[in-house]
Amino acid sequence: MTKAGESLPELWTDSRFKAIDIPDHLPAATIIRLADDRLLFVDGNATRSSGDNGLTWSDPHSIYRGESGQAPLEGIGIPNARGQMLRTREDTLIVVYRDSKVLKWNAETGEPGSDGTGAVWGIRSRDGGKTWGDRQRIFNGICGHPPINMIQTVSGRVVVPIQPMLPNPGRNVIRTYVSDDEGASWLPGNIIDLGGHGNHDGAFEPSIIELKDGRVWMLIRTNLDYLWEAISEDGGRFFHVIRPTVVEASSSPPFLARLASGRIALAWNRLYREGTRTYPSRDSGPLHMADNVSWQREELSLAFSDDEGHSWSKPELVARQKDARLAYPYLFEVEPGRIWLFTGQGKLQLEFLERDLIG
């Protein structure tokens, strides 16, 4: 256990998590498994594939060139910024991404500028990623961060959460978009608004999952010391239950994953370092957030739920690093019970076995 104010080692990882050697850009991408059993991930404005479970990867294969020749998929060094990808049960590949972003923010007023951009687009492939088309703008405005994840429900609906920025006061909100036709068209849901003021305040960077009873469950990054949840009874379009959870968290995004075992895995940054009840707050201000909040990202934790998120196992400390940011986690189950864990900040590349962490 560490005490408040104690120094952390340069980098420590739990011995049950083994480092893996993969391309540096892979933690910034969504991984899917294709019908022919290859792995595929988005690498900027291209995809790369692997036929040997990640030991080697192909050269980049272009997704969209655009009339101007400029790549539309943005990469800014944090996970999923280069595009969220999903393979549907009908074998359609859908990529949802934020186009080139120019976030104009007035430091004096703490309001988004009228000339800010950050639209969200979708594009599809019906042949395993060989060719792409049907490019369309899903959201026109300022999206503060690209989607953290995207799911397809049992009904076939595709659900992706978008993070618009609203003015007066300037803040982040969440709005899901859904598609019932394999990404050919999209419909917006309601706005989830927790207030706040600043380009790092409000409700933002959510992760979603479908529960076994068909509801869609969202965990939300906030500046309120806890993850908040939103619950949809209609397959992910409208969320009418919005409330805090009991999961303490710093101002950092969570990541939810349904494992083959049926368990839900949660990777996140706790409010404080393990064994402590304090952490230095990040300065507030209209440019960032309304209040001082914890940005504890020196430690990354993992927990599991066997009862659909009602309760969680004791948090497992995955890694810690002094004065670092081990954040923006991503989980991919490469085969049942064998899971990859990446972070966009800190660039952890780890593998673990579910059985080693479960009782």
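Trainee: What relative accessible area does S185 have?
Mentor: This is a predicted model, in which local features need pLDDT of at least 70, side-chain atom pairs count only at pLDDT 80 or more, and totals for chains, interfaces and linings use all residues. Residues are numbered from 1 along each chain as its sequence is written, and side-chain values use heavy atoms, with hydrogens and water left out. Buried means under 20% relative accessible area and exposed over 50%, with partly exposed in between (1.4 Å probe, protein chains only). S185 is partly exposed, because its relative accessible area is 37%.

Trainee: Which residue's side chain makes a polar contact with that of S185?
Mentor: A polar contact is a pair of N or O atoms within 3.5 Å; within protein, one must be able to donate a hydrogen and the other to accept it, and residues adjacent in sequence count only if both atoms are side-chain atoms. Contact in general means heavy atoms within 4.5 Å, and S185 touches Q136, V178 and S179, not counting residues up to four places away in sequence. The polar contact of S185, at 2.5 Å, is with the side chain of D181.

Trainee: In which loop does E182 lie, the residue with a positive phi although it is not a glycine?
Mentor: Phi of E182 is about 65°, and E182 is buried, with a relative accessible area of 13%. Strands (E, at least two residues) and helices (H or I, at least four) are DSSP runs, numbered from the N terminus. S185 is placed in the loop between strand 17 and strand 18. E182 too lies in the loop between strand 17 (174-179) and strand 18 (187-192).

Trainee: Which residue is joined to N168 by a cis peptide bond?
Mentor: N168 is in the loop between strand 15 and strand 16, and with 64% relative accessibility it counts as exposed. Its phi is near 55°, a positive value in a residue other than glycine. Omega of the cis bond is about -5°, and the partner of N168 is P169.

Trainee: How far apart in space are the C-alpha atoms of P164 and F139?
Mentor: P164 lies in the loop between strand 14 (158-162) and strand 15 and is buried, with a relative accessible area of 6%. Leaving aside neighbours within four places in sequence, the contacts of P164 include F139, I142 and C143, as well as R171 and N172. P164 and F139 are 25 residues apart in sequence, and the C-alpha to C-alpha distance is 8.5 Å.

Trainee: The side chain of R221 reaches the backbone oxygen of which residue?
Mentor: R221 is found in strand 20 (residues 216-221) and is buried, with a relative accessible area of 1%. Its side chain makes a polar contact with the side chain of E205 at 2.6 Å. At 3.0 Å, the R221 side chain also reaches the backbone oxygen of S251.

Trainee: What is the volume of the largest cavity?
Mentor: On a 1 Å grid over the protein atoms alone, a cavity is a set of points where a 1.4 Å probe fits but cannot get out, a pocket is an open set with protein on both sides within 12 Å along at least five of seven lines, and lining residues have an atom within 4 Å of a point. Grid points are joined across faces, edges and corners, and a volume is the space filled by probe spheres set on the points. The cavity lining includes P161, I162, E205 and P206. The volume of the largest cavity is about 30 Å³.

Trainee: Which strand gives the most residues to the lining of the largest pocket?
Mentor: The largest pocket holds about 1,000 Å³ of space, and among its 37 lining residues the closest to its centre are L86, M150, I151, Q152 and R258. The lining divides into 22 nonpolar, 7 polar and 8 charged residues, where Ala, Val, Leu, Ile, Met, Phe, Trp, Tyr, Cys and Pro count as nonpolar, Asp, Glu, Lys and Arg as charged, and the others, Gly among them, as polar. With 6 residues, the strand that gives the most to this lining is strand 29.
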